[in-house]
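Open the model in your viewer and set up a residue selection. This tour goes from stop to stop and says what to select at each.

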Amino acid sequence: MKIMSVDYGDKRTGIAVSDVRGMLASPYCVIDESYRPKLVTKICELINKENIEKLVIGLPRNMDGSYGYRCDECKALGGEIKNACDIEIVFEDERLTTVMAHDVLSSNNVRGKKRKETVDAVSAVMILQSYLDKNK
């Protein structure tokens, strides 16, 4: 089963996809779109193109585990995607994934514009890999 993850951001949204066996997450792309209806359309196009069976959306909980405004935005995105392309949606805690993604990119000497273009996809990989590892 191929699974896709979404690291939803105000300007850029990172996308990662698993292999067919659901073992390994890989970066797929970064969608540069801030208007949510267009973002939903683009995500649904990727879901159909890649034959995705489940979508994991990162849920940016606060450090104390509580839910804030951004969690509500991610849940709303999930609802819109479910209505648009009828796919199973699950939410995965994504606390600190962007910080970890920056650390990974720093340790691989990825800087400047290249980092800005890839950090969201790397965060999506971390969200998806966490989900895959917990559900083996």
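Start with the confidence colouring. Select helix 1, residues 36–50: among the elements of the protein chain, its mean pLDDT is the highest, at 97. Now select helix 3, residues 97–107, which has the lowest mean, 60. This is a predicted model. Across the protein chain the mean pLDDT is 85. Residues reaching 70 or more make up 79% of the chain.

**Arg-70 and Asp-10**

Next, show charged side chains. How many salt bridges are there by the rule used here? The count comes to nine. Select Arg-70 and Asp-10 for one of them. Their side chains meet at 2.7 Å, N to O. Arg-70 sits in helix 2 (residues 69–85), and Asp-10 in the loop between strand 1 (3–7) and strand 2 (12–18), so this pair ties together parts that are 60 residues apart in sequence. Asp-10 is exposed, at 57% relative accessible area. Arg-70 is partly exposed, at 21%; the cut-off for buried is under 20%.

**Lys-42 and Glu-33**

Select Lys-42 and Glu-33. Here the closest N and O atoms of the salt bridge are 3.4 Å apart. Is Glu-33 buried or exposed? Glu-33 is buried, because its relative accessible area is 13%, under the 20% limit. Lys-42 counts as partly exposed, at 32%.

**Glu-80 and Arg-36**

Move on to Glu-80 and Arg-36. Their side chains form a salt bridge at 3.0 Å, N to O. Glu-80 lies in helix 2 and Arg-36 in helix 1, so the pair links parts that are 44 residues apart in sequence. Arg-36 counts as buried, at 18% relative accessibility. Glu-80 counts as partly exposed, at 29%. Salt bridges with shared partners join Arg-36, Glu-73 and Glu-80 into one network.

**The cysteines**

Finish with sulfur. Select Cys-44 and check the surface around it. Cys-44 is buried, with a relative accessibility of 8%. Then select Cys-85. Cys-85 is also buried, at 17%. How many disulfides does a search of the whole structure find? The search finds zero. A disulfide would need a pair of cysteine sulfur atoms within 2.5 Å.

Conventions:
Residues numbered from 1 in each chain as written. Predicted model: local features only at pLDDT ≥ 70, side-chain atom pairs only at ≥ 80, totals over all residues. Heavy atoms only, no water. Buried < 20%, exposed > 50% of the residue type's maximum accessible area, 1.4 Å probe, protein only. pLDDT = per-residue confidence, 0-100. Helix = DSSP H or I, 4+ residues; strand = E, 2+ residues; numbered from the N terminus. Salt bridge = Lys/Arg side-chain N within 4 Å of Asp/Glu carboxyl O.
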